[in-house]
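Welcome, and please take a moment to look over the sequence and the model shown here. We will then walk through a few places together.

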Amino acid sequence: MNNRKANLSRKLATAAIIAAAYAALTVVLAPISYGPIQFRVSEALTVLPFFMPCTVWGLLIGCILANLFTGSVLDIVFGSLATLLAALCTAHFGKKGNTVKTRLLGCLMPVLFNAVIVGAVLTWGYGFQEFPNPLASYGFNALTVGLGELAVLYLIGYTLLRQLPKIKAFGDFVRRVNQ
């Protein structure tokens with residue numbers, strides 16, 4: 001097999017593993033992964049594009065698979081879109097170097113996209129209208145989703161961004177995947 005095919009195979013395999021990990025973590029932790037107040041631990045994986053841009057596609061597929069369990073087309077389409085956009089932005093910040101600023105911004109992307117998009121899906125797609133004013137309900141839903149994302153991304157995700165580069169085997173793997 002030539003080098004180009006080997007590199008493509010490595011990227012596809014990496015993306016597939018990330019897709020499986022994201023979906024499995026979400027479904028296994030379903031009680032805290034879905035709904036208006038969620039702590040989706042699998043979202044910590046959205047920091048991986050910071051190091052390996054090919055994982056963006058694994059995150060998208062993993063999110064689609066996880067959201068199939070909700071049975072809602074809105075959740076499947078828009079929830080997965082939030083993860084895709086966040087992962088693309090995180091990959092962008094990773095290309096700028098591994099600094100405190102880029103790590104903080106990389107972690108912020110899933111928080112913002114999920115708060116805005118999933119907050120809207122919960123409010124208008126699922127009808128979670130806690131307040132008489134729909135915009136107040138949207139604000140509440142965006143806040144609760146955003147807080148859950150904030151906790152996951154800055155407790156787990158940021159720790160991954162700081163610690164993974166210190167692991168020699170991880171660094172070697174990232175170099176091979178990104179060839």
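A polar contact is a pair of N or O atoms within 3.5 Å; within protein, one atom must be able to donate a hydrogen and the other to accept it, and residues adjacent in sequence count only if both atoms are side-chain atoms. With that in hand, look at Ser137: a polar atom of its side chain lies 3.1 Å from the backbone nitrogen of Glu130.

Before going further, a word on how to read the model. It is predicted, so local features need pLDDT of at least 70 and side-chain atom pairs count only at pLDDT 80 or more, while totals for chains, interfaces and linings use all residues. Residues are numbered from 1 along each chain as its sequence is written, and side-chain values use heavy atoms, with hydrogens and water left out.

Back to Ser137, which is found in helix α6, residues 134–163. Helices here are DSSP runs (H or I, at least four residues), and strands are runs of E of at least two, numbered from the N terminus. Is Ser137 buried or exposed? Its relative accessibility is 0%, so Ser137 counts as buried; the cut-offs are under 20% relative accessible area for buried, over 50% for exposed, and partly exposed in between, with a 1.4 Å probe and protein chains only. Leaving aside neighbours within four places in sequence, Ser137 is in contact (heavy atoms within 4.5 Å) with Thr123, Phe128, Gln129, Glu130 and Phe131.

Now follow α6 along to Gly157, which lies in that helix too. The C-alpha atoms of Gly157 and Ser137 are separated by 28 Å, with the two residues 20 apart along the chain. Gly157 counts as buried because its relative accessibility is 0%. Not counting residues up to four places away in sequence, Gly157 touches Ala44, Val47, Cys107 and Val152.

Another glycine to find is Gly62, whose place is in helix α3. At 0% relative accessibility, Gly62 counts as buried. Beyond its neighbours within four places in sequence, Gly62 is in contact with Ala19, Tyr22 and Ala23. Gly62 and Ala15 are 47 residues apart in sequence, and their C-alpha atoms are 9.2 Å apart in space.

Next comes a loop. Gln38 is found between α2 (30–33) and α3 (55–68), and at 10% relative accessibility Gln38 counts as buried. The side chain of Gln38 reaches the backbone oxygen of Gly35 at 2.7 Å. Setting aside neighbours within four places in sequence, Gln38 is in contact with Ile32, Ser33, Val118 and Gly148.

Our last stop is helix α7, residues 168–177, where the buried residues are Phe170, Gly171, Val174 and Val177. Seen down the axis of α7, these fall within an arc of 130° (taken from the directions from the helix axis to the C-beta atoms), so they line one face of the helix. An α-helix has 3.6 residues a turn, so residues three or four places apart point the same way. On the other side of α7, Lys168, Ala169 and Arg175 are exposed.

What do the buried residues of α7 pack against? They pack against α1 (3–28). The axes of α1 and α7 come within 9 Å and cross at roughly 120°; axes are lines fitted to C-alpha atoms, for helices over the stretch in contact, and angles run from 0 to 180 degrees between N-to-C directions. The contact is made by Asn7, Arg10, Lys11 and Thr14 of α1 and by Phe173, Arg176 and Val177 of α7.
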